[in-house]
Each structure stands twice: as structure tokens, then as C-alpha cells.
There are 2 protein chains.
Amino acid sequence: MSKLTDVPKRILIGRALRSDKLGETLLPKRIALPVFASDPLSSVAYAPGEVLLVLSVAGVSAYHFSPWIAVAVVVLMFTVVASYRQNVHAYPSGGGDYEVATTNLGPKAGLTVASALLVDYVLTVAVSIASGIENLGSAVPFVVEHKVLCAVGVIVLLTLMNLRGVKESGNLFAIPTYVFVGGVFVMIAWGAFKGMVLDDTMKAPTADYTIHAEHQGLAGFALVFLLLRAFSSGCAALTGVEAISNGVPAFRKPKSKNAATTLALMGALAVTMFCGIIALAMATKVRMAEKPATDLLSNGVPVGDGYVQNPVISQVAEAVFGKGSFLFIILAAATALVLFLAANTAYNGFPLLGSILAQDRYLPRQLHTRGDRLAFSNGIVLLAGAAILLVVIYGADSTRLIQLYIVGVFVSFTLSQTGMVRHWNRHLAGEQDPAKRRHMVRSRAINAFGAFFTGLVLVVVLATKFTHGAWVALMGMVIFYGTMTAIRKHYDKVADEIAAAEERPDEYVRPSRVHSVVLVSKLHKPTLRALAYAKLLHANQLEAISVSVDAAETKALKDEWERRGIDVPLKIIDSPYREITRPVIEYVKGLRRESPRDAVSVYIPEYVVGHWYEHLLHNQSALRLKGRLLFTPGVMVTSVPYQLQSSEAAKKRARKRQEWNAPGSVRRGPVAPQRPKEPSGKG
Amino acid sequence: MSKLTDVPKRILIGRALRSDKLGETLLPKRIALPVFASDPLSSVAYAPGEVLLVLSVAGVSAYHFSPWIAVAVVVLMFTVVASYRQNVHAYPSGGGDYEVATTNLGPKAGLTVASALLVDYVLTVAVSIASGIENLGSAVPFVVEHKVLCAVGVIVLLTLMNLRGVKESGNLFAIPTYVFVGGVFVMIAWGAFKGMVLDDTMKAPTADYTIHAEHQGLAGFALVFLLLRAFSSGCAALTGVEAISNGVPAFRKPKSKNAATTLALMGALAVTMFCGIIALAMATKVRMAEKPATDLLSNGVPVGDGYVQNPVISQVAEAVFGKGSFLFIILAAATALVLFLAANTAYNGFPLLGSILAQDRYLPRQLHTRGDRLAFSNGIVLLAGAAILLVVIYGADSTRLIQLYIVGVFVSFTLSQTGMVRHWNRHLAGEQDPAKRRHMVRSRAINAFGAFFTGLVLVVVLATKFTHGAWVALMGMVIFYGTMTAIRKHYDKVADEIAAAEERPDEYVRPSRVHSVVLVSKLHKPTLRALAYAKLLHANQLEAISVSVDAAETKALKDEWERRGIDVPLKIIDSPYREITRPVIEYVKGLRRESPRDAVSVYIPEYVVGHWYEHLLHNQSALRLKGRLLFTPGVMVTSVPYQLQSSEAAKKRARKRQEWNAPGSVRRGPVAPQRPKEPSGKG
């Protein structure tokens, strides 16, 4: 490899700047936790409520099952955390679910995971924003009254911020996340103290309401099904747990160990908050109904359409801190903020996963370049558009959106864990050291249990939520899967078509001679430059051609040509219909017909301007001609640019664009100088 | 001039086909009349009503002034027709007002006329469609109830038809126009017969209404002003009279004589119809008010907002033929159709004028090519957009739109006639033959009177209509004028910048050596072709470069390169951030820094595909790289295309596009093989 030796300084300076800009400092655990955990921790803002909502179908009496459901969620959370701790150790480079599934289960499993992840990113945005708006609305009624509008507004705002490329720092995540976690813990502790020590009866605002049970006295299979459905909803607390496994490279050393510790910490926090909120909801007698307008009764009368059902976390906060109190407001604001941050993680993950999929040719190749602004923008806009669509369709109602949410998460959990089992099997086959083998067998057992449990949950989720909305998520996955398969197929087909034959390497592409043609409209500097350049590259034949659309102009051109004594023959092509493109194409085709084994090289002088509106005024016929010439076999088309003064403006813009930072860099860790096994999606 | 000798057959076949397709048969007078006269003849559908509307401000008693106003309009019509007959003789090539003004009065006058014409085309569409909808609505009430919707619908329909490129024939214009003219004449004759011979009292549907005069008993200056305003409105009958002067080349020989005859015929028809309708309106006691809802009284009570004021022509037809009778319906349909045809003439004229303005560098150059589909489409869409905007803003109310209409027409009449006076002065200076001189002096007198009279009308129109809406038209003209001046200025600036110096012709553009670089990503057919082509053009130095974004792929590339024994050195450029564009740009800049007098030639293998979605999947980084390289001085960029199988689809589409006909060809006459003094705008 001839290493590039003449511009190393520029490269070095470029790299140095880059590193500096990206803020490539590795994350200590105390910062890594909030950076990665805003998504899973924020889910406790809506997951407990969803459990109560589902149970309410069987009446308030069914609420007493909620602790059991909480226990099931906790067990599941421990399982998933334990499983991903294995991932973190096995893939210290940040083995995302997509990569784990592809490597161990093959490309179809990988693509399934990728489709699930893409759908999930969209839902993360939709659900988190909707829930954030609802939480904010418990303190600011205006927001709830204009729910869809506000939700769309926040999505647009996040989108613009991400398109602009904000400079990120760990603190941006740390402050709201710690305020939120701290607030919830203070609430739980203060609530417990008040309830148990002071013996104060705290009452949620809905404590006096009764619930009209849609199915009174459920039992047997119907009850089990309802409990499973409540459990499925509770599983929303697990979304985003896997994020850390993608971000291992961003951790301080020892990376894997620190990541595993952070993962455990996050699991413990999430579980405690989840259970604490459920317990407080029981103690303060929060009443929630799936259809509050008709099923929630105040003094025996339905509350009606005007009723706004506040999230459990805000009802509990109201009971503990008092409505409108300082702490209540702070907690509502922090909850909304953490939920918005959770939505923001999807803005980072979606384009990154896109770039990895592009690398594997499932998405357009231009998404491949990491941190490429254009690629990034396309991903962002697609994500935001889909999320806005969902928010509008579902009226920014987090409860209805959550029905769609959990399928994707558990598809990728299950496939990733199954992949890990294969991973250990493979490694066990080649490993002799009994200590290491023991360790691997243990890891395998954990992952196997994880795969089994998450698979079971997936089945439960599908069974209980399919008609409630999971089918929409599945349809989304099928669309992504189909599109990506088609793109890959196209690339493979093209690759086959253009593959160079092993024998006679270029027998079919080697012409014998070249005939150069310079396009001339007027004799000005761009034309003179094109002529000079064409002469530099010695063709077997060189001529200038001009399309005559105006007899007088053509005459003037020929006269000046002679006067200047230009030593390239000028040929005039008549154009009875004042067309430019067609006569040139016909002429070039004529040359090719005369000597089919010759190549034709067409030189086009081009103005380079700096503003888009100037583009409208220049080069349009050159562009069209180029477009058409490319379809003519045996032709190469050379643009000889002439930079007008205004082109400086465009250069400045380009420089500015290079200074742009792709959001999400904090989560991703430093850029590896050579492409590593890249951190993958969201999981 | 080395005439093109190797593809004459193709050119000939092309031309033959073209001629055939364009239907380049010259028009006999009986077809030319409807082709050119739909605009002026159709104006009699609204002009008489506008006169009555204005007079009604002073009460029904003021209606007795209407014959005098009709006389004034007739005199004006004769003046304008006589004037344009001089244009037709002086510019047998079809001297449009823009060209007459530019040639004789200078570019500023020409540009003023052009701006007026562009505004006028927009208003022709808006007014004709609005009036057509109102006429149709007198037979089909639904249409009037959804006026704006229907008007926009018709505009969209016309736009699509014109974008598609309909095949035109003279009959398309002839049938509705002759039905319309015939219908109006039958109506006038039958009405006269009934009224005078049978002594039948025909009553218009509004005959029993009374009008609440806004200004009872107007006298003195106020009355004169009102009469002038009514006259201004009546002048709407003159719009489009000049169309024939643009279309002389489409006539059979003797072209000028036939055109002049047709012009006279058209004037006679228009005047007769205009006066006949006014007379019938008087006889049948048609009552119209500017604000019918409040000022039109039925038994002393205002008719209110629900009242629909039908056009005069339909009220008269109702009185003569009977409401809902066969002839009534036919006339209403023919009136609407002729008005839509009149709108369609603007769709032909606007892009044509655009192409002439582009030729003079007042509009983007790519509009220059006659009958170019892209240029044509842009013009059409711009025209339709502006017309829809006006229709929506003014509620498709023809009365309100007409306030804007007449300014532009008379600006171009006046300037064109003034230009003609100059024209004769110039010719008189060089002419000795007394007979010819006499003739010229006579023509000059006619044009001078025309200029004086139309100028007077312009002043009247401006004075009486400025606040009613003429200011909007003037603003439109100023915007067009300003934009076109700015574009011309830009082109002139660029032309200065790129003008080749007279001395030392290309001292500043001639590099000494050339360094060729072939961009390589993989070793496939496109790359091999690019390498082969690059070798054909002997550079002083030739190398291949590849940006390394993946160590394994780069290794594979190098191995294959060696295995195939490719005799071009391969240089690998590291790209720590997986970028493609920047490292290449830096490398090229480095080469230029090393030897500033060398040129660099970059070869980029490109896939050529056939569908837009395939474009999304290929060449994006190549395109971006090309875009950036063009900004680097001393570089030429060569695309070496490789046509994939799917590119055939695009070729087919391109062929189909070539078979497209620009609408309006019938009016324009055959294409001249060399650019003639082109027929100009609408005037």
C-alpha cells in the first residue's frame, strides 16, 4: 500500500480538529448512566399506568394483581439485564442486536432485527413525546388541550435541533435524568414515610372515583389473558435496556466491566422506580380506566369526554407533594424532559443503524459514510415524518401508541439472545481451558434463559396485543424488511452485471483510439480553458464543435476562431429546431457508427457559480447534454470547470458544512481509525 | 463552415418527421380567423356587461349613455385594427409588440412591453376562465355555486393538457368559435326581428328589477369620470386583437395581405357582436349592478347575497331564445368553450415570449430552445400558478379581475404603435420612391393616431381603474421588469468576467502538463472501462486512487490489482472518518500544490441506470465528489459511464419525450430552419 505521503499534515490537522470537535472524551459511569438510560428510565413514567389501565377492565378489584405483575416485570428486567451483560462482555466493540443476530443467525435474522429496530425508533419518538406531553400537561393544562399540536411541535423542534447538529455533552443528559431519578426516589421515600411513619392518608386526585368494569368478575382463561395483557403493557419498562450494549466503546476502561456495572445499576434503578410507583399508586388509590369518559365514575356518573386522565406518576406526585407544589412541578418538568431526551436517542440511533445497513447494502450506499450530513438528514427526516404520522393518527395518545411499541423490542431481544447462545456454542467448540469453558457455559445458560423468557414474552405480546395495534408494528417491519431486501437484491444484481470477468480482463471495454470533441458556444475563457485542457490529453483526433442556432452568432464565432488562429478545427452542426442536445448526440453517435472501436471524449466547458439561483441561469443545457451523453455507449464526458467569482460563496458554505457535528457522538464513543465491527442499533 | 456531412440523413429524417408532426400546413383565412380570434371575440361575452355595471352606479337612467360608449369602443377598435394592419405589412415575419418596441424604441421599452405582456397572459387566463365559468353557470347552476373550485379545476385541466402536449388542429378552434359567432349573430338577428317586426316584447330576467343608484344624478366631472370608467371597462373587448400580428408566418400566401384581411374581418365581427349585444341588452332591459346584493332591488327589496348576476350575453339569450331552450344552452356552452380557448392562447403565448426573452438573456437561457419541453413546462406552471392565485384571491369574479386586465394591453398597444411611427420615420429617411413614400406616410399617420388614441386610453384606464385594481397589474409588471433586468445584469456580468482577452489569448488558462487520476472503489467493469479510457488519453502521469474506508476491502482490492497485473499504479488514501469526498479533494489539492502549473484530470466510473429510484441507490458519492471537484481550480472531471441494462428504460423515455409537440404550433406557423426574427408576444 502506498501510504499517502504528500498531504499527511492536512489529514492530521483534519483528524485533530475532528477529535476535538467530537468531544471524544470517554464517559465515566456517572455520566454514561444518564447518557444511555434516559430511554429505559423514562419508561417508568408510563409503564405503571399501562398496567393499571389494563387491569381496570376487570374493575378496581383487579388492581390487587398489580404487585404480581410488577414482580413479573422485575424478573424479566433482571433476566434481560443479565443477558445483555453477557453481550457487553462478548462484544466489547459494541455488539448491537443487528450485528449479533447477523453474525450468529444469518442475514435474514439480522434483517428482521434491523426492521424491528427501525420500527422501534419511530415508536420511541412517538411514545416518548406523547407521554412527555401528557406529563407536562399535568402541570400545564394548555399542553394537554392541544396535545397533537404540541407533540408535533416538539418532534419538529427535536428534528430541527438534530438537523442543525447540536453540540452534545454528557451534562445535557445528566442533569434532567438525575433530577428525574432523584425526584422519583424522593417521592417514593417521602410517600413511604408519610404513609407508614406519619400515618398520613395520601389521596390521589382519582381516589374517590369508581371504575365501571367492562368485564366484572373475570375468571379462568379470560382472567389469565387479561393479566398477560397487563404484563405485556408493563414490559414497556424494558424498552431501551439494550442501548448500553451498543455503546461500550464510549466507556472508560475497563470498558466491558464498566458497561456491565452501569447496566446493572440501570436495571436496579428502573425496577425500584417501577415498583415504588406501583406501590404508591396502590396506597394513594389511583384509579385509571381504559376508556375514562365512560368507565370512570364520579359519584356514579361517568366523567365524560372532557376528562383528562393524568399519568400515574403525576397523580402519585400530586398525592405525595400536593398539587401545584414546587416539587410536583419540578418532577413533572423533569419527567417530560427525560422523555424528550429518550425520544432524542432515536434521532441518534436511527441514522447510525441506517449507515450500518447501508454498509451491508440493505439501504442506499450513500448512507454509509458515518456522520455524513446528507445521509444523516435523510434518516432524521424519515424518522420524524413517520413519528408525526403516528402521533397524528393516534391523537398523541401514549396508551394507544404503546400497543404498537413492545413487539419490535422483544423481536430483537429474542433474536439477539438466541444469537448469543450460538455465539457461546461456537466459542465452546474451540475452547479447551476448563475455567473459561465454565464461564462460557454459564453465560450461555443466562443467554438461553434470556432468549426463552423474552421469546415467551414476545408470544404473549403478540397474542394479547395483536388486534390492539401490534399488527401495525408488524406491518411496518414487513415493509422495512421488504424494501431492504429489494435494495439488496438490486445491488447484488448490479454487482453481478458489472463483475469483471476473470479471463480476458477488459477485452470488451478496451477501445483502440479516442476522438476528442470540445463543445463550443462562444469564444470566452471557459472555452479557451477547455480547449487547452483537451489539447493536453493527446487524443488521436481533436476537434471543436458548435451547434448553430443563430446564423449571425455562428458567423461571428467562426471569424473569431480564425482571427485568433486556434489550431483546433471547428465544425459547425446545424440545428434547424434550435435544439442543442439532439444534434450533439446525433453527431457523437455518428462518430461511433463510423468507427465503432473508437471512444469519444466530449469536453464541456462549465461555469461554476456559488448560489442556487445562479445554477438556474447557467449550465442547464450542459447538464442536460451530459445526462443524455452518459446513455450513449463508448463516450466519456469531461467537465472543464471555470470558477466564477461567485463560486467563492459556495466554497465557504462547504467549509462550514464540514464543521458540522453529527448528533449522538457522545453515545457512540470515539471514531475508530479503521472501520471496526461497528456498534449497531438500538435493540 | 464544415457542414456536417456524416449524419445528414438522420437530420433530414428528423426534420421530415418534425414537420409532419407539427402539422405545418399553412392556415387559410377561414381557419386562421378562429385560431387567432378566440381571445378578442370571446371578450364580447363580458365587455358589454362591464359597461352596464359601471353605468349602474349612476342608476338605470345612466344606461342611455351605453350606445355612446359602444361607439367609442368601435372607434377605438377600428383604430387598433387599422394600426395593426400596418404592423402586419411591416413585419411579415410576425413582428410582435416586444420586438417592435425593442427594435424601434430600445431595450427598456421592449422590456416594458414584455412585462406588460407577461402580466396580460396571466390575466387572460384568469379573466377568461372566470367569465367562462360564469357563462357556463347561467346554464348549469352547480358551476356558479362552486365558482372558485370550478375555475381552478379548468385551469388545472388546461395546464395538464398543455403540459402533455396535445395535438392541435385548426378545427379544434374553428368549431366552437364559429358556433359562438353564429349563435350571437342568430341571437342578434332573431332579437331584432322579434322586437322590430313581430313587435314582441322580450324581457330579460332582470328587466323588472330596479337599481339603487349609489350616486343619483351625477353630473359634470363626476359623470365624465364615470363614463370614462365605463369606456375603460368596455375596452376589454380589445384584448387579443394584436394576436394576428404575431402569427403572420402561419398564414397562406400572400401572408401579409391575408393576415390584414383576417384582422379586419375579426374587427368587424367583434364590433358587430359588441354593439348587437349592447343594443339587445337595452331592448330587453337587462339590469346589472356593481354590488347586486344591495343595489339591485326586486320590488324595492335588495336581492341579497344569494343572488347570482348572470352575464349580459346569457340574460339576452334568455330573453331572445327563452330560458333553458336548446339555443340558449348551445350558446352558453359555446361561449364558455370559446372563453376557455381564449385562456388556452395564453398557454401558447407565455412560453413562446419566454423563449424570446431568454434569447435576449432576460430570462434563464435554457428557455431559449424553442419547443423545449422542460422550458415550456416551467412557463406553463408559472402561468397556471399565477392565474390560480388571482382566481382564488378575487373569488373567480370576472368583474373584479377585469379591473386589472386592460392596463397591460394598452401599455403594449401604445408602445408598439409608437415604435411603428419610429419604424416609418427610419424607412422614410432612406426611401426615395414617391409612391412608396406616400404609402409609408399614410401608414405612419395611422400608427401615430393609433399610438395617440391608445395612449389616451391608457391614461384613462390608469386614472379610472388605478385604485380598483390596476395597481396590482402595474406591480406585477414592475416585478417582471425588475427580475428580468437583474437576470440580464447577471448574464452581462458573467459575460464580462469570462470574456477572452484580446492579447495573450490563453496565457492564464494553459497548464503545461496533466496528471490523470482514476477513482477506484472496486475492480469491476466500470472501473476497468475507466482505466482503459484514461490510458487512451495519454497523460504525463496516470495513477489510480482508492479511498480506504475498510481495511479488508482495500486489501482485497490491492491483491486483485496485482493478480490482474494492471499496469497503472494504485495509490491508497486513508480515510479515518470513512469519508470519500474530502480525502480525494485534499489529494487533488495536494497535487496542485506540488506542481501548480499542472492540470489534474479525474476519471470517475459512473453507473447509468434507467429509473429515478435507482439513481438514489447509485452514484451519489460520485455526484457529490464531482460537485466538489468543480470548485477546485485546475481540475477537469471526466465521467466514464457504464450503461447498466436498466438504462434502456431511460433511453425509451427520452425517445418518447422527443416526439412531444409543443402546443400552440398551429398559431406559430412552420419552424424556420434558421432563427428568423421570431414572432413575439401577445400584445
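A:Asn299 sits in the loop that connects β2 (296-298) and β3 (301-302) of chain A, where helices (H or I, at least four residues) and strands (E, at least two) are DSSP runs numbered from the N terminus. Its phi is near 55°, a positive value in a residue other than glycine. Because A:Asn299 has 7 C-beta neighbours inside 10 Å, it counts as exposed; in this scheme a residue is buried if 20 or more other C-beta atoms lie within 10 Å of its own, exposed if 12 or fewer, and partly exposed in between, with C-beta atoms placed from the backbone. The model is a predicted one, in which local features need pLDDT of at least 70 and side-chain atom pairs count only at pLDDT 80 or more, while totals for chains, interfaces and linings use all residues. Residues are numbered from 1 along each chain as its sequence is written, and chains are lettered from A and ligands numbered from 1 in the order in which they are written.

A:Lys285 is placed in the loop between α12 and α13 (292-295) of chain A, and it counts as partly exposed because it has 18 C-beta neighbours inside 10 Å. Most residues other than glycine have a negative phi, and most peptide bonds are trans. Against that background, the peptide bond joining A:Lys253 and A:Pro254 is cis, with omega about -5°, and A:Pro254 lies in the loop between α11 (243-246) and α12 of chain A. In chain B, the bond from B:Lys253 to B:Pro254 is likewise cis, with omega near -5°, and B:Pro254 belongs to the loop between α11 (243-246) and α12 (255-283) of that chain.

Chain A as a whole contains 25 helices and eight strands, and buried residues make up 53% of its 683 residues. Of the contacts in chain A between residues at least 6 apart in sequence, 84% join residues at least 24 apart, a contact being a pair of residues whose C-beta atoms, placed from the backbone, lie within 7 Å. The domain assignment divides chain A into domain 1 (27-489) and domain 2 (513-665), with bounds that come from an automatic or database domain assignment. The centres of these two domains of chain A, taken over C-alpha atoms, are separated by 57 Å.

Within chain A, helix α14 (residues 312-321) is mostly covered, with ten of its ten residues buried, among them A:Gln315 and A:Glu318. The helix is followed by A:Gly322, whose phi is positive, near 95°. Helix α12 (residues 255-283) of chain A packs against α14(A), their axes coming within 10 Å and crossing at roughly 60°; axes are lines fitted to C-alpha atoms, for helices over the stretch in contact, and angles run from 0 to 180 degrees between N-to-C directions. That angle makes α12(A) oblique to α14(A), since angles under 35 degrees count as roughly parallel, over 145 as roughly antiparallel, 65 to 115 as roughly perpendicular and the rest as oblique. In the contact, A:Ile277, A:Leu280 and A:Ala281 of α12(A) meet A:Val312, A:Ile313, A:Val316 and A:Val320 of α14(A).

Helices α5 (residues 97-105) and α17 (residues 398-430) of chain A pack at an angle of about 45°, with their axes 8 Å apart, and they are therefore oblique to each other. Residues that meet there include A:Val100 and A:Leu105 in α5(A), and A:Leu415 and A:Met420 in α17(A).

Turning to the strands of chain B, three of them form an open sheet in the order β1-β2-β3, with antiparallel pairing. Because β1 (210-211) and β3 (301-302) of chain B stand at the edges with a single partner strand each, one side of each is left without a neighbour in the sheet. Two bridges join β1(B) to strand β2 (residues 296-298) of chain B in the antiparallel sense, and two strands pair if DSSP finds at least two bridges between them. B:Leu297 in β2(B) is the bridge partner of B:Thr210.

Strand β8 (residues 635-643) of chain B is mostly covered, as nine of its nine residues are buried. B:Val635, B:Val637, B:Ser639, B:Pro641 and B:Gln643 point one way from this strand, whereas B:Met636, B:Thr638, B:Val640 and B:Tyr642 point the other way. Strand β7 (residues 598-608) of chain B pairs with β8(B) in the parallel sense over nine bridges, and B:Ile604 stands opposite B:Ser639. Strand β8 (residues 635-643) of chain A also joins β8(B), running antiparallel to it over three bridges, with A:Thr638 opposite B:Thr638.

Methods: Two residues are in contact if their C-beta atoms, placed from the backbone, lie within 7 Å.
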